[in-house]
Amino acid sequence: MFDKTSILLAEDEPALGQIVKESLESRDFIVHFAQNGEKALELYHQKKPELLVLDVMMPKKDGFTLAKEIRQIDEHVPIIFLTAKSQTKDVVEGFSMGANDYLKKPFSMEELIVRIKNLIQRNAQQEKSEIFQIGRYEFDFPKQTLQFQSEEKQLLTHREAHLLFHLSKNKNELLDRSLILNKLWGNDDFFNARSMDVFISKLRKKLAADPDIQILNVRGYGYKLIF
C-alpha cells in the first residue's frame, strides 16, 4: 500500500476550490483546503503537505506573501501558483517568491494534475540522491536508514531522519534552533523545544559508534553536527 500525496490547496473562490479539491481527491491525493492565506499557513504547519497549490489573490495573506514565508522554513516543497494575472512581471514575481510552476486561470484539471505529478516525480528523484557520509556512517535519507560500516542498518523514525538530514546538510555549521522547530514541529514553543532535545539525544546514541562525530548544543542558538 503506497502513501497518498498530501496537498495544501489555498483558493478563495469556494466553488472553484471545491471542484479542484474533489478532482484531486478522486485521483487519490489527500487535500487540505483553505480559503485564505492565514488559514493556509496554519494548515501548512499542522499537516506538513508534500506540495502546495496557491491562489495568488487571497484575503488576509496573498499567495506571494504566503510562499515567501513558507520558503523561509522549507526550501524544497513544490509550489504551484494559480492566478488570473498573466503579465510577465507577475510571472517573474511568482518565481522570485519560490514558485516551481505557474498556472493561469481558467485552467483544465488535467493540466493541473499533470503538473502536480511532474513536480512530485522531480522532487522524489532529487530525494534519491540525498545519501550522506557521516564519519564512518552512511545515512540514507529517503530510506531513513543509518548504517555504521558493515553493521546492520538502523531504521530511523520520520522525525529523526528529517532532523539528521538538516544537520547533515549544514554539517560543521550552526543549525538554527527556532528555524528547525518551526520546520519540523510547526512552532518553537517550550514543549516542542524539549521534544527536539530528546530527538537530539537519540541521534547522539545512534551515532555513538564513531567517537569523531559530535552533535554540539550551542545554548540558546541551536545545534551543530561536526565530524
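Contact here means heavy atoms within 4.5 Å. The exercises below concern a predicted model.

**Exercise 1. Find the surroundings of Glu-130, and decide whether this residue is buried or exposed.**

Step 1. Locate the residue. Glu-130 sits in the loop between helix H5 (109-128) and S6.

Step 2. Apply the cut-off. Buried means under 20% relative accessible area. Glu-130 has 11% relative accessibility, so Glu-130 counts as buried.

Step 3. List the contacts, leaving out residues up to four places away in sequence. Glu-130 touches Phe-139, Asp-140, Phe-141, Pro-142, Phe-165 and Lys-169.

**Exercise 2. Trace the pairing of strands S6, S7 and S8, and state how many residues lie in each hairpin turn.**

Step 1. Begin with S6 (residues 131-134) and S7 (residues 137-140). These two strands are antiparallel and are joined by four bridges. Ile-131 has Asp-140 of S7 as its bridge partner.

Step 2. Look at the turn between S6 and S7. This hairpin has two residues between the strands, and Gly-135 takes a positive phi near 55 degrees.

Step 3. Continue to S8 (residues 145-148). S7 and S8 also pair in the antiparallel sense, over four bridges. Here Asp-140 stands opposite Thr-145 in S8.

Step 4. Look at the turn between S7 and S8. Four residues lie between these strands, and Gln-144 in the turn has a positive phi of about 60 degrees.

Step 5. Connect this with the previous exercise. Asp-140, the partner of Ile-131, is also among the residues that Glu-130 touches.

**Exercise 3. Describe how H6 packs with H7, and then with H8.**

Step 1. Recall the quantities to look for. Two packed helices are described by the angle between their axes and the distance between the axes.

Step 2. Take H7 (residues 177-184). H6 and H7 pack at an angle of about 145 degrees, and their axes are 11 Å apart. Their crossing is right-handed.

Step 3. Name the residues of that contact. H6 contributes Arg-159, His-162, Leu-163 and His-166, while H7 contributes Ile-180, Lys-183 and Leu-184. By class there are three nonpolar, two polar and two charged residues.

Step 4. Take H8 (residues 190-206). The angle between H6 and H8 is about 80 degrees, with the axes 10 Å apart. Angles of 65 to 115 degrees count as roughly perpendicular, so H6 and H8 are roughly perpendicular to each other.

Step 5. Name the residues. Arg-159, Glu-160, Leu-163, Leu-164 and Leu-167 of H6 meet Met-196, Phe-199, Ile-200, Lys-202, Leu-203 and Lys-206 of H8. The contact has seven nonpolar, no polar and four charged residues.

**Exercise 4. Determine how the axes of H2 and H3 are oriented, and which residues make the contact.**

Step 1. Read the geometry. The axes of H2 (residues 37-47) and H3 (residues 63-71) come within 10 Å and cross at roughly 25 degrees.

Step 2. Classify the angle. Angles under 35 degrees count as roughly parallel, and H2 and H3 are therefore roughly parallel to each other. The crossing is right-handed.

Step 3. List the contact residues. They are Gly-37, Ala-40, Leu-41 and Tyr-44 of H2 and Leu-66, Glu-69 and Ile-70 of H3. Five of these residues are nonpolar, one is polar and one is charged.

**Exercise 5. Locate Asp-212, and decide whether it is buried or exposed.**

Step 1. Asp-212 is in the loop between H8 and S11.

Step 2. Asp-212 has a relative accessible area of 54% and is exposed.

Step 3. Leaving out residues up to four places away in sequence, Asp-212 touches Ile-226 and Phe-227.

Methods
Residues numbered from 1 in each chain as written. Predicted model: local features only at pLDDT ≥ 70, side-chain atom pairs only at ≥ 80, totals over all residues. Heavy atoms only, no water. Axes fitted to C-alpha atoms, helices over the stretch in contact; angles between N-to-C directions. Left-handed = near helix turned anticlockwise from the far one by under 90°. Nonpolar A, V, L, I, M, F, W, Y, C, P; charged D, E, K, R; others polar. Parallel < 35°, antiparallel > 145°, perpendicular 65-115°, else oblique. Pairing = 2+ DSSP bridges. Buried < 20%, exposed > 50% of the residue type's maximum accessible area, 1.4 Å probe, protein only.
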